[in-house]
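Please look through the sequence and the model below.

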Amino acid sequence: MASITHVKDHFSNWLGSSDYLTSRGDKILFIGFQEQLGSDWDVLREMLGIDRGATLPDDDVRAHRNPKDLPRWLSATAQHNLREWYSSDLAIFETCRELRNRTERTATPPS
């Protein structure tokens, strides 16, 4: 894993620790998540005043989506190994979820 360019770095390389991220929560404008990319893009676009014509790609190739028929299961061993490799990332991910929930409750809706 450490030799694979797109997975070797951890969130902590970019975001620091969960404690540091929480301490800087008031400096974070927005936290988006892949699972709701479309709706998050709409919110962020409004926040930044980006023209509504700026859209995310909607075809699979331009959006870099895997084919729908591609197997998506992982063995128990693979799941365990990924949880181990990304354990610190999972903690930061949960911190991001908490921070997003806080900012959603206190954010002023875009006009």
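Which residues make up the largest nonpolar core? In this predicted model, that core has six residues, namely Leu21, Ile31, Phe33, Ile92, Cys96 and Leu99. Helix H5, which covers residues 87–106, gives the most to the core, with three residues. In soluble globular proteins, nonpolar side chains tend to be buried together.

Ile31 shows how one member of the core is placed. Leaving aside residues up to four places away in sequence, Ile31 touches Cys96, Leu99 and Arg100. Cys96 and Leu99 are themselves listed in the core. Across the protein, 62% of the contacts with a separation of 6 or more are between residues 24 or more positions apart.

The secondary structure consists of five helices and zero strands, and from the N terminus on the elements run α-α-α-α-α. The radius of gyration is 17 Å, well over the 13 Å that the globule rule gives for 111 residues, so the protein is more spread out than a compact globule. Along the principal axes, the C-alpha trace spans about 50 × 40 × 25 Å.

Of the 111 residues, 14% count as buried. The accessible surface comes to about 8900 Å², and carbon and sulfur atoms hold 56% of that surface.

Note on methods:
Residues are numbered from 1 along each chain as its sequence is written. This is a predicted model: local features need pLDDT of at least 70, side-chain atom pairs count only at pLDDT 80 or more; totals for chains, interfaces and linings use all residues. Side-chain values use heavy atoms; hydrogens and water are left out. Helices (H or I, at least four residues) and strands (E, at least two) are DSSP runs, numbered from the N terminus. The radius of gyration is taken over C-alpha atoms; the globule rule is 2.2 Å times the number of residues to the power 0.38. Buried means under 20% relative accessible area, exposed over 50%, partly exposed in between (1.4 Å probe, protein chains only). Contact means heavy atoms within 4.5 Å. Accessible areas come from the Shrake-Rupley method with a 1.4 Å probe; for residues, only the protein chains shown count as cover. A nonpolar core is a set of buried Ala, Val, Leu, Ile, Met, Phe, Trp, Tyr and Cys residues joined through side-chain atoms within 4.5 Å.
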